[in-house]
Amino acid sequence: MGQAREYSGELNKARAEYEQYLKTYPNGSHVPRVKERLAAVRQTLGQTSANLGLKPSSGGSAPWTIFGGVSQYLYTGKTQIETITPPAPAQLVFNRDTLSLTDQRSLITNLDIQARRRDAISDTRFVFRDTDNRNYLDSTRSYNRVNAAYVEQTHKEYGYFVRAGRQLGTGSGVPGRFDGLSLGYNLAPEWRVNGVVGEPVEFNSPFSRKMYGFNLDYTAQIGKPGGNVYFIEQTLEGFRDRRAVGTEIRYFDPYLTVFGTLEYDIDFGRMNVGMAQANLRTDAGTNYFANIDIRKTPPLSLITALPGQISLDPFAPTTDFRTLLLSSVNSLGVDELRRQATILTANSYLYSVGFTHPITPRWQLGADYRNANISGTGESGILPAAPGSGTSHVFSGQALGNGIFVNNDSTVTNISMIVAPTFTGQSYSLSYGVPYAAWRLDATMRLYTQSDNQDQRQTRISPTLKVAYRWRSKVSFEVEAGLEKFSESGPLRETNSRRYYMFGGYRWDFQ
């Protein structure tokens with residue numbers, strides 16, 4: 001948290017996070033690095049305070065700082081499966097099939113580079129994040145994805161903000177990742193207007209989308225609510241795919257944090273998202289949380305209607321979805337295509353509530369309840385109606401310990417019971433982590449059992465072990481190995497499988 005605050009330019013908050021860590025974990029494994037960062041932040045704040053009487057130009061002569069990280073991890077996995085199928089009527093021989101294969105061998109590289117120059121007036125930043133996945137079992141599945149590549153500037157004197165390039169949406173109905181331009185301007189100390197225009201990025205999508213939107217934002221203050229109202233419009237191959245209005249509500253004080261959003265799609269005439277979450281902390285250290293999430297799944301879109309309009313050959317080398325979209329619009333019309341998409345769009349309901357409470361200085365207990373349901377869909381074109389998932393209930397209890405056996409070790413236990421319409425299951429897990437100088441050892445054991453309404457019983461056991469070593473506070477190495485043993489028995493079939501996996505690599509954080 002301290003590093004995140006520091007990278008975001010919130011130096012006073014970063015200092016508070018670092019000081020809180022040192023107070024809470026005086027013998028923590030990150031104490032040397034936290035002290036190093038805290039000293040640097042204090043020095044920067046001291047220099048800023050000494051220069052408050054000066055008014056540097058917007059260009060300034062502040063130096064650039066470069067920070068980020070690079071990591072590479074090699075993954076490998078092997079599976080052995082044995083399946084026994086009962087014989088057909090009038091036959092006596094059981095069918096036994098055995099399969100052994102290497103199912104994973106890949107190298108994943110992540111690169112995160114940020115450059116920043118900040119003075120009393122302006123703040124300029126460059127960000128580049130990339131993921132490269134080399135699949136050595138099937139080279140056609142290798143890929144490289146640029147997740148973010150943008151430049152941004154904030155000017156305090158003129159009150160504007162501008163960001164250009166590939167970036168992540170920050171709410172207000174904006175898609176998760178897009179190529180485009182984000183703008184903001186302070187109308188008053190607490191009021192801000194923002195705008196966005198660009199193209200949503202969906203890797204491997206054959207469609208062309210464009211979008212634009214704007215919002216009016218009221219900044220939340222401690223003990224006072226804030227939020228915004230927004231408008232967003234998106235096109236799909238030139239046809240209007242989405243036109244929505246919505247609002248976001250935010251509130252926080254030393255005890256309570258609340259966030260909620262509500263979005264209505266004008267063209268579909270439906271609520272697209274309704275969500276609210278809250279966290280309440282008491283003086284005794286108890287933390288209560290609750291979440292309500294009701295939304296369309298998938299999100300309302302013309303594309304949802306396409307599978308019902310034509311029989312797609314799964315063995316065809318390519319499928320021209322753009323031609324399919326255009327032909328569907330020409331034959332049905334946009335309004336009818338929206339109606340068909342509505343029929344094939346389900347409603348997702350998710351509710352959760354829980355708490356955590358420290359019972360001793362070293363132990364904390366918690367419990368939560370989750371309720372999930374996805375509705376069915378109607379008949380559309382060649383697609384028949386599909387039933388809903390029914391309501392699933394998950395009851396969980398946790399116990400978290402710190403410093404139980406040695407200083408700064410951590411113990412986490414979890415027990416969950418799942419009650420679903422077609423099965424019941426139980427999940428158990430125990431994790432233990434212990435640091436020693438620059439080393440850290442983490443071990444986990446998971447057990448899952450399940451019985452369904454066809455009298456099939458499943459058991460899954462998954463032990464894992466991870467060893468990490470940190471070198472000179474900036475480079476870390478880690479290796480993890482694990483086994484998953486699965487067995488299923490019942491009148492329909494018997495299956496036994498073992499999967500072994502291992503990954504290892506390094507991460508270098510530079511600044």
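**Exercise 1.** Decide whether Phe-405 is buried, partly exposed or exposed.

Solution. Step 1: buried means under 20% relative accessible area, exposed over 50%, and partly exposed in between (1.4 Å probe, protein chains only). Step 2: Phe-405 has a relative accessibility of 64%, so Phe-405 counts as exposed.

The model is predicted: local features need pLDDT of at least 70, side-chain atom pairs count only at pLDDT 80 or more, and totals for chains, interfaces and linings use all residues. Residues are numbered from 1 along each chain as its sequence is written, and side-chain values use heavy atoms, without hydrogens and water.

**Exercise 2.** Classify the aromatic pair of Tyr-73 and Phe-503.

Solution. Step 1: rings of Phe, Tyr and Trp (its six-membered ring) pair if their centres lie within 6.5 Å; planes under 30 degrees apart count as stacked, over 60 as edge-to-face and the rest as tilted. Step 2: the centres of Tyr-73 and Phe-503 are 6.0 Å apart, with 70° between the planes. Step 3: the pair is edge-to-face. Step 4: Tyr-73 and Phe-503 are both buried, and together with Tyr-75 they form one aromatic cluster.

**Exercise 3.** State which residues Val-329 is in contact with, leaving aside neighbours within four places in sequence.

Solution. Step 1: contact means heavy atoms within 4.5 Å. Step 2: Val-329 is in contact with Phe-239, Val-334 and Leu-337. Step 3: Val-329 and Leu-337 also belong to the largest nonpolar core, of twelve residues. Such a core is a set of buried Ala, Val, Leu, Ile, Met, Phe, Trp, Tyr and Cys residues joined through side-chain atoms within 4.5 Å.
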